[in-house]
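Here is a short briefing to read alongside the model. Please keep the structure open as you go through the points.

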Amino acid sequence: FKSGCFSWDSSGNSNLRNISLEVKAGTKVAICGEVGSGKSTLLGAILGEVPRTEGMSHVCGKIAYVQDAWIQTGTLQENILFGSNMDKRRYENTLRRCSLVYDLESLPFGDRTQIGERGVNLSGGQKQRVQLARALYHDADIYLLDDPFSCVDAHTAASLLNVGEYV
Ligand SMILES: Nc1ncnc2c1ncn2[C@@H]1O[C@H](COP(=O)(O)OP(=O)(O)OP(=O)(O)O)[C@@H](O)[C@H]1O
Ligand SMILES: [Mg+2]
């Protein structure tokens, strides 16, 4: 982004003003700020969902976006693969990188356990990591994670944060 202004509506008041940001491939960027300061709006701007009113923006690559923990009724494995073919190595790597291995051990049928409305109710943190695993398995160029640590403890957050180091 170069001097980008972004606005959710046409009132003329920008939600984000004068944003200059360059993120290079292979880098990990964390955006911190108080509630309502525009962190999610910035991700929306990257997705092209928030109209740009001034400046320049350019985003290249396939994007994976993780927002709220969203689980579909089905097995845990189905929730991660989400229609993609099973690549055992990639799948197991994903589970490990999303700190899900330990959780799977405690589920009655491991990754074949039914979850969601008609299955086991996962904890908030487990749902969040299933979401993360779904994004990671799909091999995007850009991963946008909105508040990915909101439901996990400090230890899990630290190991998730290191996910990028395996890529
Ligand atoms: N979908 C939307 N439509 C219109 N305005 C929005 C929308 N989402 C956010 N806003 C506005 O954009 C501003 C920034 O909100 P945003 O959600 O980006 O903050 P945030 O930093 O992500 O906050 P939080 O930490 O609470 O998630 C707020 O004034 C909010 O009212
Ligand atoms: Mg937000």
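There are zero salt bridges between domain 1 and domain 2, a salt bridge being a side-chain nitrogen of Lys or Arg within 4 Å of a carboxyl oxygen of Asp or Glu. This is a predicted model, where local features need pLDDT of at least 70 and side-chain atom pairs count only at pLDDT 80 or more, while totals for chains, interfaces and linings use all residues. Residues are numbered from 1 along each chain as its sequence is written, ligands are numbered from 1 in the order in which they are written, and side-chain values use heavy atoms, leaving out hydrogens and water.

**The two domains**
- Domain 1 covers 2-60 and domain 2 covers 66-166, with bounds from an automatic or database domain assignment.
- Their centres, taken over C-alpha atoms, are 27 Å apart.
- Seven residues from domain 1 and eight residues from domain 2 make the contact (heavy atoms within 4.5 Å).

**Around ligand 1**
- The residues around ligand 1 (a heavy atom within 4 Å) include W8, N15, E34, K39 and T41.
- A polar side-chain atom of W8 sits 3.3 Å from a nitrogen atom of ligand 1.
- On its own, ligand 1 has 630 Å² of accessible area, and the protein covers 53% of that (Shrake-Rupley method, 1.4 Å probe).

Terms used
Polar contact = N/O pair within 3.5 Å; in protein donor to acceptor, adjacent residues only side chain to side chain.
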